[in-house]
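Thanks for making time this morning. Let me put the model on the screen, and then I will walk you through the place where its two chains come together.

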Amino acid sequence: MMRFLLLFSRQGRLRLQKWFTPMMDREKKKIIRDMTTMVLSRQPRTCNFMQWKDLKIIYKRYASLYFCLAIESQENELLALEVIHRYVELLDKYFGNVCELDIIFNFEKAYFILDEFLMGGEIQETSKQIVNRSIDASDMLQETLEEYMSKPAF
Amino acid sequence: MLQHSYTHTAMSPSVPLQEMIRAIRSARTQCEERGVIQRECAAIRAQFRQADNGGRSHNLAKLLYVHMLGYPAHFGQMECVRMIASSRYSEKRVGYLGAMMLLDEKQDASLLITNSIKNDLSHSNQYVQSLALCTLACMGSAEMCRDLAPEIDRLLRASNSYIKKKAALCAVHIVRKVHELGELFAPAARSLLSEKNHGVLHGAVVLITELCERSSESLERFRKTVPDLVQIMKGLVISGYSPEHDVAGISDPFLQVRLLRLLRILGRNNETASDAMNDLLAQVATNTDSTKTVGNAVLYETVLTVLDIKSESGLRVLAVNILGRFLLNNDRNIRYIAMTSLQKIVGTDHNAVQRHRGTIVDCLKDQDASVKRRALDLSLALVSASNIRSMMKELLLFLSSCPPELRSQAANGIFTAAERYAPSKRWHIDTILHVLITAGGDVRDETVPNLIQLITNTSELHCYTVHKLYRALLSDISQQSLVQVACWCIGEYGDLLLRGDCQEVEPMQVCEDDVLDALETVLQSHMSSTATRGFALTATMKLSTRITDNVDRIRSIVSIYGSCIDLELQQRAVEYNALFKKYDHMRAAVLERMPVIERNSSGLINGDPTGEPVKEVQPSKVKTEVSLPLPQAADQTCDLLDLLSSSEQQPQSPPAAGSSILTQPLGTDCSAGRDLLDLLGGLEPTPPPTAVTVYEKDGVTLTIVCEKQSDSAMTVTLTGFNSSDCDVSSFTLQAAVPKSVQLHMKAPSGDSLPAGGAAKVTQVVLLNNPNKVNLKMRIRVSYSCRGSTVQETVQVDSFPGL
């Protein structure tokens, strides 16, 4: 399974954190520090895999954001790269040419999209279109329900 | 500043949230930011306390943003609970998100949402159900899982595919938290395999994998699904283009990889299952397009599966060849995983991996440190007797330019390899010297004594070695281990160095002053550690018997160091001074050439664990000879002390160089690291000597075994044994022999003899009878048994085997 997914900028500012196992806040903060240090100090043109404790860390840089995914040792690293890529594609489709600012100002949506793609540390849906459709439908629901709910009961 | 253009109808952004984010980001300093956040949090808290005003979801969202920046947000936990219970979807959505971010199973508040989740699991709207399922799979505690498991099972069986796929992953989480519940989900999991929807199939495969990994009964049961899994996989591989699932020409690679992994688990250690998937694996291995990462991901998983199950040899070769191709791939990631995979199989499929040795060795030159590290591990594993020379060339080349974090591993790996496969002694010594010169600072501590031992045992190369080391010393005295070995050699073999004639090196005229200059440089250099200076001082001293003209110079060096601040050096210098003055008659004997050092550690090569039990050595270490000082690095002081102040030993006439009380291990190949060079037995292929009982009382027996070592030397092994039914403790032996016979008792193996002969005590006695008198030995046995002390003396007049 995947253990955690972190998105951070080149200055090390955290943009998204998803933890797939329960952890103390203190631990999370330490891991975030470790990951940002490790990933940001990597030379360019090195491979995207690192060993950290008993986990494999897969990271990839997209524009100004680093995507950092930790997987257990029996997982497939190359597929993990594909998972990261798929998430970026989903964000891109939703926001249209997604950039870091989109994720900053609409972080809750980034989470909603993630929660339609991954769940419990595993891939939930392998089809891009289905994920997109689900997000759209949920968004629609939000709008219509809000309208509906704002109407007086009587 | 912020331009959005949505290409479809997305929900409108939360304005209050975005305004706050803007405000925070425009803060110029950390302090300013903290101020903004404090104000915002105060406002949020106030809002939380107010009645429902329609803006609740925005407030919580703001809090979650603040939380992500690292600020405390625990006061929002109850608000999450409230929001989840709301009937507005927008509020539920943010509430559940908040729960996943702020609550975890360790918080008390998480229990409060159990009821909401339960209700939402059976909500009429699937998106609400989805929220509940997602949250449960994210942070469901064990109690929540137990509580809601039946509900999940129901959803697994009867719902649409959108819910089924989520329920499957929820079930996975539940099984991880509460293992026993796996039984509950097994039937549903089985039936899910006949679904067509990929999301559901994927979830089912993950669930089945989890069940099989946790219980062997499940594993047995699900083995029957192998044909179905093979069918599904075949469908994916052969099927035409499916726009829904295509990734660069591969149809649903995510599902393919999970299927392969499940097949791996099912086929492991099982012939039938492995047979059933053989064809499929061959097909995937050959037909998958490997030009993009995604294809390689599938190939990689296939290779892992082939190598882990009981596959045909042809398929295994195919798999290893795929890894070999990966090694040549331009993509660094692919090279890296190829090497990690090859590392896993280098033990079992050694020959197959050897075929790719060239490529692997090339990867030592890769830019990437991770790749280099893998290449080093693999290269060291591939060293064998047949390729040792060429591999060593590459490894030494690597050592000279490798990143610092790998130097230690490389150096030690090279030593191990050299020890195992050295084609010749000279090659071995050259290799070690090369490593010491290149990376002397990164080698293990045992290297110095190990190398000294190797050099001592290679008597034919003493001249060559000392010349080489001398030259190395002249060029660089910063590598401590190298300098220590060099000093030791110069001290030992200085005469050979001065003689100047050595065929294998260029002739170089070395005079006594040069040598003493070199040693003095080491002594005085600030780069030399204390241990190194100790080596240099002792070497200087040893030279006093090997040179002719400059003995006075040595005398003055030694006396100068008699007032050295460093205690160790001072002590040595003082003792050496004493050697010059009071004990000059013993100086030659004391500084004699070293005999061959026996291997004291049992075949352990530089700490390489062989897994063999360590044979118990008589605790002699290198204190074998009574009369000669011992070469242990820091121990020289106390050994000399022993000699100069010893009372129990009679002054020895120095045995001729090269022979001593104990026979040398007969040129045994120390570099093979084979059998423990035990002092007793194993040296000559003689029939096992007979044991003679010399003492027997109440079940306690003492036997002796004698072995002749040389003309005048023999070893007597005393063995105490207790066949009575009471424990014997404080079992000690004392021995006495006629005046002209030299005796040395080594430490006993122990002093207790448990009842019933569970263990015995052995003690070795070394005898030297140069005058060949009639050998007798009186032995006093004393021990405690049943609370009383027993003391007996026996006389042994005849020694069988003598």
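Which residue of chain B forms a salt bridge with Glu122(A)? The partner is Arg176(B), with the closest N and O atoms 2.7 Å apart, where a salt bridge means a side-chain nitrogen of Lys or Arg within 4 Å of a carboxyl oxygen of Asp or Glu. Across the interface of chain A and chain B, the rule finds 8 salt bridges.

Before going on, please note that this is a predicted model, in which local features need pLDDT of at least 70 and side-chain atom pairs count only at pLDDT 80 or more, while totals for chains, interfaces and linings use all residues. Residues are numbered from 1 along each chain as its sequence is written, chains are lettered from A and ligands numbered from 1 in the order in which they are written, and side-chain values use heavy atoms, with hydrogens and water left out.

Taking contact as heavy atoms within 4.5 Å, chain A brings 70 residues and chain B brings 81 residues. The area buried between them, that is, the accessible area (1.4 Å probe) lost on being put together and summed over both, is about 6900 Å², with 57% from carbon and sulfur atoms. Of the area that chain A buries against chain B, Leu78(A), Phe105(A) and Met119(A) supply 11%, more than any other three residues.

Turning to chain A by itself, there are 5 helices and 7 strands, taken as DSSP runs numbered from the N terminus (helices H or I, at least four residues; strands E, at least two).

Conventions. Buried area is the accessible area (1.4 Å probe) that two parts lose on being put together, summed over both.
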